[in-house]
Amino acid sequence: MDNGAKRQQVAGTQSVARAAHLLRLVTSAGDDGMPVAELARRADLTRPTAHRLLSALRHEGLVDQDDRTGRWMPGPELYLMGSVAASRYDITGIARDIVRSLAVRTEESAFLSVRRGDETVCLLREEGSFPIRSFVLSEGVRFPLGVASAGLAILAFLPPHDVDAYFERHPGLDREWGASHREARLRSRLRETTERGYAVNPGLIVEGSWGVGAAVFTREGHPQWALSLTGVEFRFSPERLPELGRTLLAHAHQLTTRIAATR
């Protein structure tokens, strides 16, 4: 391959990566949509570049623009693609009753998240009966692996070389998420997670809002999903935390077993 072809290949790869990043940002905004200026800022693109890519995605039906507000939102083609992919990748149908049981048993808000690249995406939320709730997580919300308890649980059970590669790709997590997300401190929490079996997030995203997460595995043993609980700090006391952890791990094991039997 000559140098010109190599440059063209790299440029094309970069455009695909930028467009994919914009797609993820648009879908994370849901029905509310997101203005182009905010999309450009979050994607670290100039506004003209972001608009050009969004216009190309709109032409393919992957995004749409509200004529009144100008905000960008998911397009109809994404729905069709998602419907086809759901038969292979969506486990919400077999997980919903387990997530609901977790919420009932603990009285806390319970969630199912899935790994997508270097992030987790929340797929399901079930409210617990306890009247004070945490609203850090809801359907469609994304976090980098290692930030929320679900992502920390998944990252902890990845092979060591995958963990090393993740930190190489994301050297500045602490700049966005605070000093508690420096690599050394994250690695310490990863070790604690593997020893304990479940991850604990002691209010590191929103002060006073705690979370615990447990990995859910594919038939081949890969951590692909996570169950998690969130709530206010006093509900995750040292006396109650082990009980929550055992209940969480039992439900995660149940879902792992069900996935292995059905996929």
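Where does threonine 218 lie? Threonine 218 is found in the loop between β7 and β8, where helices (H or I, at least four residues) and strands (E, at least two) are DSSP runs numbered from the N terminus. At 15% relative accessibility, threonine 218 counts as buried, a term that stands for under 20% relative accessible area, with exposed meaning over 50% and partly exposed in between (1.4 Å probe, protein chains only). Leaving aside residues up to four places away in sequence, threonine 218 touches Gln224 and Trp225, a contact being heavy atoms within 4.5 Å.

The model is predicted, so that local features need pLDDT of at least 70 and side-chain atom pairs count only at pLDDT 80 or more, while totals for chains, interfaces and linings use all residues. Residues are numbered from 1 along each chain as its sequence is written, and side-chain values use heavy atoms, with hydrogens and water left out.

The protein chain holds 10 helices and eight strands, and 43% of its 263 residues are buried. Among contacts between residues at least 6 apart in sequence, 54% join residues at least 24 apart. The accessible surface, computed by the Shrake-Rupley method with a 1.4 Å probe and, for residues, with only the protein chains shown counting as cover, comes to about 14100 Å², of which 52% belongs to carbon and sulfur atoms.

Turning to the sheet, six strands form an open arrangement in the order β5-β4-β3-β8-β7-β6, with antiparallel pairing; two strands are taken to pair if DSSP finds at least two bridges between them. β5 (142–144) and β6 (199–202) stand at the edges with a single partner strand each, so one side of each is left without a neighbour in the sheet. From one strand to the next the twist averages 30 degrees, with axes fitted as lines to C-alpha atoms, for helices over the stretch in contact, and angles running from 0 to 180 degrees between N-to-C directions. Helix α10 packs on this sheet and touches β3, β6, β7 and β8, its direction making about 30 degrees with that of β7.

The individual pairings can be followed across the sheet. β6 and β7 pair in the antiparallel sense over four bridges, and proline 202 stands opposite tryptophan 210 in β7. Nine bridges join β7 to β8, again antiparallel, with alanine 215 opposite alanine 226 in β8. The hairpin of β7 and β8 has five residues between the strands, and in it glycine 221 takes a positive phi near 95 degrees. On to β3, which is joined to β8 by six bridges and runs antiparallel to it: here alanine 110 stands opposite leucine 229 in β8. β8 is mostly covered, as nine of its 10 residues are buried.

In soluble globular proteins, nonpolar side chains tend to be buried together. Leucine 248 touches Leu102, Tyr198, Val212, Gly213, Ala214, Leu227, Ser228 and Leu229, not counting residues up to four places away in sequence.

Beyond residues up to four places away in sequence, histidine 251 touches Ile98, Ser101, Leu102, Arg105 and Leu227. Alanine 261 is likewise placed in α10, but at 65% relative accessibility alanine 261 counts as exposed.

Helix α6 (residues 149–156) has eight of its eight residues buried, so it is largely enclosed by the rest of the structure.
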